[in-house]
Amino acid sequence: MNEHDSETMAGMLNEKGFAAEIDKEQADLVIINTCSVRDNADKRFFGTLGQLKKIKERNPGFVACVCGCMMQQQHVIDEVKTKYPWVDLVFGTHNIHEFPRLLDNVIGERQKIVDVWQEGGAIVEGLPVKRLYDYKALVNIMYGCNNFCTYCIVPYTRGRERSRQPEEIIREVKELTATGVKEITLLGQNVNSYGISHHEEGYWAGEGGMDFADLIYALNDVEGLERIRFMTSHPKDLSDKLIQAFKDCSKLCNAIHLPVQSGSDRVLKRMNRKYTRADYLTLIEKLRLAAPHIAITTDLIVGFPGETEEDFQDTMDLVEQVRYDSAFTFIYSIRKGTPAEDYEDQVPEEVKHQRFNRLLERINQISGEINQTYEHTIQQVLVEGISKSKKGEGLLAGRTESAKLVNFPGDQELVGQIVPVHITEGKQFNLKGIMES
Ligand code: SF4
């Protein structure tokens, strides 16, 4: 979500005549787009902010801007104002569309501005976007979240769910494919509730309107589009209709990211996830019935307050049952302002790390085993660029439909194309292959 917001701000700056500069020492303006989902990102933000002081001292015309989820928290704004006075502009997630106007005031009037809205208003369409890639694109379909998982700050920083009008989404996707985009990723905190949650400032499917599955079916008909992905999916809202779409829609990639967070019912309840382990396993069964080779990935939190060894074993056991293609594993960290901040039974750091290592080891083993099953198959690979792997000199990197990373020798001119690749080796984190002639 933040990556796409950054593309929007880059588009706005482009319209103002700014060009991208990688080295912040050489830049006239820096924007730090913050994330508050994890503690690490918080810490990195303040570290980076400190580095801007020297640039400002050297170049008084330099403009320092900060935005994103962290700015939706008053204690962060207060800290920025008192400890980092060289920051010129602070704005939040709800008023990105105001960025050009705010910037004009900062530059023209030499004002310092803090403008953070607590609520998101109507969705603003048609903002300029400078996309990172020519062949794949992120497309927001909704904003905000209504779920209030007890560990998560997002509902407080991104507001309530608001869905875009389906016509606007379809128009955007058609425009993208007209410029050569082959793959889109539909974005939302919980895409499964697209059009279902009723918020006055957003689209509501109501009787006979389009829900998320309908939107997938509609996008499947867009000419020129080859791949549809989406993230993220909340298990409680994953409908049978959407599962059926995996069968019916040829462009919907055979992959789903379905965050489970824990395998223990007791922990799931305390997290306010609104599904049980059994509910989740039923969904996995249905998905595999509809799409037998679907790649399933997840998010897992280790060391949520009150998590016992038995709860953790339930998570390990769930991982054995589902056999995820891969997983994002997180050590629980307290997010200020969330209900779980006040839970008294926090798990000691040492225990959290020990559990995390055990979980990660098993997940990586399973990933490697699944990747080996790709050996000697032909996969359609969307070539994304030059391989970043250390041993990957001269190799291209791309993704299979199931989102597996594949490294293979090939010409750079293939970037952006979908090509058949014979998989020669399934490794723990990626696949190796040779392009079919
Ligand atoms: S569904 Fe839960 S974890 Fe996901 S953004 Fe909403 S509150 Fe956070």
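## The open sheet

In what order do the three strands of the open sheet stand? The order is β5-β8-β9, and the pairing is parallel. Strands here (E, at least two residues) and helices (H or I, at least four) are DSSP runs, numbered from the N terminus, and two strands pair if DSSP finds at least two bridges between them. β5 (136–140) and β9 (227–231) stand at the edges with a single partner strand each, so one side of each is left without a neighbour in the sheet. From one strand to the next, the twist averages 25°. Angles run from 0 to 180 degrees between N-to-C directions, and axes are lines fitted to C-alpha atoms, for helices over the stretch in contact.

Before going on, please note that this is a predicted model, in which local features need pLDDT of at least 70 and side-chain atom pairs count only at pLDDT 80 or more, while totals for chains, interfaces and linings use all residues. Residues are numbered from 1 along each chain as its sequence is written, and side-chain values use heavy atoms, with hydrogens and water left out.

## Strand β8 and its partners

Let us look at β8 next. Five bridges join β8 (residues 183–187) to β9, and these two strands run parallel. Across this pairing, Glu 183 stands opposite Arg 227 and Ile 184 stands opposite Ile 228. β8 also pairs with β5 over five bridges, again in the parallel sense; there, Asn 140 stands opposite Leu 187 in β8.

Is β8 mostly covered or uncovered? Mostly covered: five of its five residues are buried, where buried means under 20% relative accessible area, exposed over 50%, and partly exposed in between (1.4 Å probe, protein chains only). Glu 183, Thr 185 and Leu 187 lie on one side, with Ile 184 and Leu 186 on the other. Helix α7 (residues 212–220) packs on the sheet and touches β8 and β9, its direction making about 160° with that of β9.

## Two helices side by side

Two packed helices are described by the angle between their axes and the distance between the axes. For helix α11 (residues 309–322) and helix α12 (residues 349–372), the angle is about 10° and the axes are 10 Å apart. The two are therefore roughly parallel to each other, the label for angles under 35 degrees; over 145 counts as roughly antiparallel, 65 to 115 as roughly perpendicular and the rest as oblique.

Among the residues that meet here are Phe 312, Met 316 and Val 319 in α11, and Leu 359, Ile 363 and Ile 366 in α12. The residues of this contact divide into six nonpolar, two polar and five charged. Ala, Val, Leu, Ile, Met, Phe, Trp, Tyr, Cys and Pro count as nonpolar, Asp, Glu, Lys and Arg as charged, and the others, Gly among them, as polar.

## A buried glutamine

Gln 72 sits in the loop between β2 (63–68) and α3 (74–83). Its relative accessible area is 6%, so Gln 72 is buried. Beyond its neighbours within four places in sequence, Gln 72 is in contact (heavy atoms within 4.5 Å) with residues including His 94, Trp 117 and Tyr 156.
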